[in-house]
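Hi,

Here is the structure I promised to pass on. Have a look at it first, and my notes on what turned up follow below.

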Amino acid sequence: MHSAGLATVTAPDAAGAVTFGREGLDRLVEVLIADGYQVIGPTVRDSAIVLDRLDSAAGLPAGWGVDTGPGYYRLRQREDAAVFANSAGPQSWKQFLHPPRRQLWSAGADGEFRPAEPVSPRYAFLGVRGCDLAAIGILGRVLGRGAHPDGSFTRARQGLFVVAVNCTEPGGVCFCASMGTGPAAGPGYDLALTEQIGASGHWFVAEAGSEEGARILAEIPCRPASAEEAGSARADVDAAALRMGREMPAVDLRALIQDSMDSPHWEEVAGRCLTCANCTMVCPTCFCTTTEDVSDLTGEHAGRWQRWASCFEPDFSYMHGGSVRQSGASRYRQWFSHKLGTWHDQFGSSGCVGCGRCIAWCPVGIDITAEAARLAELAQQAQEEHE
Amino acid sequence: MTGAARPLAAFPVFAQLPEAELELISGTARTVRFAARQRLFSEGQPARGCWLIEDGRVALDMAVPGRGQVVLQTLGPGDVLGWSWLVPPYRWHYGATSVLPTTATELDTEQLRALAEQDPRFGYTLVLTLFEAVLQRLQATRARLLDLYGSPDDQR
Amino acid sequence: MTSADTVTVAAEPMLPVPYRVTSRTAETRDSVTLHLEPAGQPLPPFQPGQFAMLAVPAIGEVAISVSGGPEYQDGALVHTIRAVGKVSRALCDAPVGTVLGARGPFGTTWDLPSAAGRDVVVVAGGVGLAPLRPVMLGVLAGRGGYRRVLLVAGARTPAEFLFHRELDAWSARADTEVELTVDRPAAGWDGPVGFVTEPLARLPLDPERTTAFVCGPEPMMRFSAQVLLRKGIPAEDIRLSLERNMQCGIGLCGHCQLGPILVCRDGPVVGYTLAEPLLTIREL
């Protein structure tokens with residue numbers, strides 16, 4: 001995604017679509033690396049599909065699918081060699097744009113504060129789904145706007161090349177359709193691929209979404225997609241929208257949450273929630289950080305670091321003597337009400353993209369869509385009692 | 001200090017009281033003046049009188065062995081002083097001393113009690129009115145108990 | 001790869017600039033006022049109500065409101081700090097000559113100009129008087145531009161008032177009404193004894209032309225605002241200064257959220273219309 005305002009990202013039309021075979025994907029990775037990009041993509045490691053640096057397309061998770069559910073994620077071997085037929089793994093692209101740990105500054109005995117050297121390779125993200133692409137956009141609104149944008153994030157995103165993937169195989173915990181972020185990837189990509197595998201072979205429909213995308217695409221042997229081919233790809237994605245694992249209730253969540261701040265439901269969830277913060281770590285839009293000061297033994301050389309933080313941490317809201325949010329109920333309410341409610345007030349959109357990671361990686365299987373539905377149900381009951 | 005006594009309705013505590021009730025209470029009222037450092041009453045004495053302070057300052061105090069006369073609270077213009085006359089044992093629980101020269105409207109509480117007994121509806125209104133003043137005093141006292149200005153070390 | 005990178009990233013907003021302690025005054029047993037001057041580039045001028053992130057290298061960084069007046073517009077900073085944690089304690093202990101880090105100005109202002117021509121009521125609880133001192137100094141520097149000026153300040157005991165000498169000077173002024181009250185008296189104290197809401201409740205105020213500036217512990221601000229509302233002052237004419245955990249001060253770390261607002265960006269000064277529903281939700 002290039003800096004806003006530089007490259008107009010037009011909605012792709014069938015006329016611009018091309019196709020290439022499986023070897024085209026290998027060529028794509030080669031071209032990106034040769035062009036100086038550090039390619040990051042999915043790969044199998046530690047019984048999961050994680051995001052890591054790829055030296056070639058051979059590292060992609062060909063033939064791997066996933067089974068997901070509340071508190072559940074397992075790899076499974078597919079019968080075909082599909083590369084992108086697996087839903088979100090435990091990591092998201094935010095770790096590259098908004099690193100878990102980075103130094104802010106160092107100070108010497110001379111009293112000078114020196115900024116840490118920015119270390120931002122030019123990334124090419126390969127395999128960004130609609131949900132995750134929307135998440136990058138949301139992070140951009142949080143970290144890249146306002147009076148004091150985060151320079152490290154902005155720099156990392158400036159040179160970013162995004163190869164999005166339109167989802168044809170949603171997972172058991174996915175609900176991007178009801179959040180409006182998928183299964184088709186929204187605007188903001190340089191290239192978008194739709195994987196097609198079956199009797200016709202293994203091939204991709206590709207569309208450029210920017211000048212840079214078109215330039216890279218031109219280096220890959222391909223041919224224009226026929227109307228049938230483009231249509232088949234689109235149909236697969238449309239069908240995926242109907243096979244979502246779950247959905248967020250179609251209510252005004254912001255208003256619902258605002259009216260539910262005193263709901264007994266928070267105590268109920270607190271009886272299950274371990275405040276382990278897994279959800280915030282795997283969430284592609286959670287952005288909170290905490291600063292840490294370090295020094296050497298002499299105390300003359302000091303430094304300040306920034307690390308990921310979570311509103312579930314007991315000290316997150318600490319203020320002279322104690323934390324404002326001490327109970328588990330108040331901390332769960334904070335995460336939930338921020339993600340689905342006050343995010344709108346603060347940043348102009350929902351904070352949730354429907355990737356489902358928080359559901360899969362919650363050790364007790366708390367389902368954000370079920371909790372939202374329960375709140376809506378309680379609100380409905382309360383209203384009926386009033387009448 | 002000269003001038004007419006402040007009308008009862010001007011005191012916040014009686015601001016919402018209907019005309020008829022105000023008339024009844026006014027009938028028991030007279031203006032009094034205290035010099036600075038004058039003891040109005042002492043703890044344990046029979047509780048007679050209720051004062052609506054017009055200006056000046058009155059301190060509520062209590063003798064604490066080893067600490068002398070400890071000031072618990074000061075009252076100023078608009079405040080009501082004294083309500084132990086309303087309930088048994090009809091004795092002052094604290095003492096009161098003027099800090100500054102003070103002018104107040106004093107109500108004859110024996111008359112007020114008699115009026116309240118004759119006319120329970122008036123009595124109810126009178127008690128509710130005073131209750132509101134007591135409630136606000138209590139809330140402010142509780143706020144002091146919270147020790148909000150204390151440092152975190154003090155709270156442990 | 002596009003060459004025209006039009007996104008210009010401003011000087012790293014998390015990088016402090018060095019400021020040297022030029023004077024240090026102990027206000028009470030645990031509060032100190034520091035005067036700081038730039039050791040290099042000065043920061044832009046701070047308005048009343050705004051805060052700086054003050055860093056003690058190797059120890060940490062905290063958000064402190066400015067407590068200085070309009071005379072400190074040449075890059076110098078004045079902050080009154082209470083030692084409540086390891087960073088604030090280090091700041092309070094910093095001897096003259098220490099180089100600290102400073103970032104700012106951040107946050108919303110008390111917006112004094114909007115109170116021009118009106119009665120100004122300042123309600124301070126404890127160290128809440130520090131962020132309000134610039135309001136008093138600003139109002140008194142242009143005294144003719146305001147009608148009545150009233151200050152009600154509460155402290156735990158007489159010894160714990162900040163800015164003793166200034167409070168005496170303001171009390172002595174004929175054009176300023178000052179009520180100081182303590183939670184607990186000490187020997188020799190002849191002044192009011194009672195929570196700050198009590199002298200506040202006694203003040204005759206004109207609801208049509210009063211602007212109130214309130215600062216102190218959150219329950220004290222709520223109680224004071226309730227007293228002002230009872231006197232008919234509209235909620236939009238009551239301003240509070242809020243406080244929350246801050247790690248960045250610039251809307252990026254997420255710690256200072258209070259429901260829909262970020263205290264560092266939408267506060268710390270907020271109107272009571274916005275604050276009231278938020279302050280009544282437990283553990284928000």
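Helices (H or I, at least four residues) and strands (E, at least two) are DSSP runs, numbered from the N terminus.

Before I go on: this is a predicted model, where local features need pLDDT of at least 70, side-chain atom pairs count only at pLDDT 80 or more, and totals for chains, interfaces and linings use all residues. Residues are numbered from 1 along each chain as its sequence is written, while chains are lettered from A and ligands numbered from 1 in the order in which they are written.

Back to chain C. Its open sheet has 6 strands with mixed pairing, in the order β9-β8-β7-β10-β11-β14; two strands pair if DSSP finds at least two bridges between them. At the edges are β9 (177-182) and β14 (269-271) of chain C, each pairing on one side only. From one strand to the next, the twist averages 15°. Strands β7 (residues 119-125) and β8 (residues 149-155) of chain C run parallel and are joined by 6 bridges. If you want to find the pairing by eye, C:Gly125 has C:Gly154 in β8(C) as its bridge partner.

Chain C is assigned domain 1 (17-106) and domain 2 (112-241), with bounds from an automatic or database domain assignment. Their C-alpha centres lie 24 Å apart. The contact between them takes 13 residues from domain 1 of chain C and 15 residues from domain 2 of chain C, where contact is C-beta atoms, placed from the backbone, within 7 Å. On the domain 1 side, β1 (17-28) and β5 (77-82) of chain C each supply at least two residues.

Then there is the contact between chains A and C: 48 residues of chain A meet 40 residues of chain C. Elements of chain A that each supply at least two residues to it include α4 (151-158), β13 (289-295) and α11 (328-347).

Finally, chain B has 4 helices and 8 strands. From the N terminus, they run α-β-β-β-β-β-β-β-β-α-α-α. The C-alpha atoms of chain B fill a box of roughly 55 × 30 × 30 Å along the principal axes.

Cheers

How values were computed: Axes are lines fitted to C-alpha atoms, for helices over the stretch in contact, and angles run from 0 to 180 degrees between N-to-C directions. Two residues are in contact if their C-beta atoms, placed from the backbone, lie within 7 Å.
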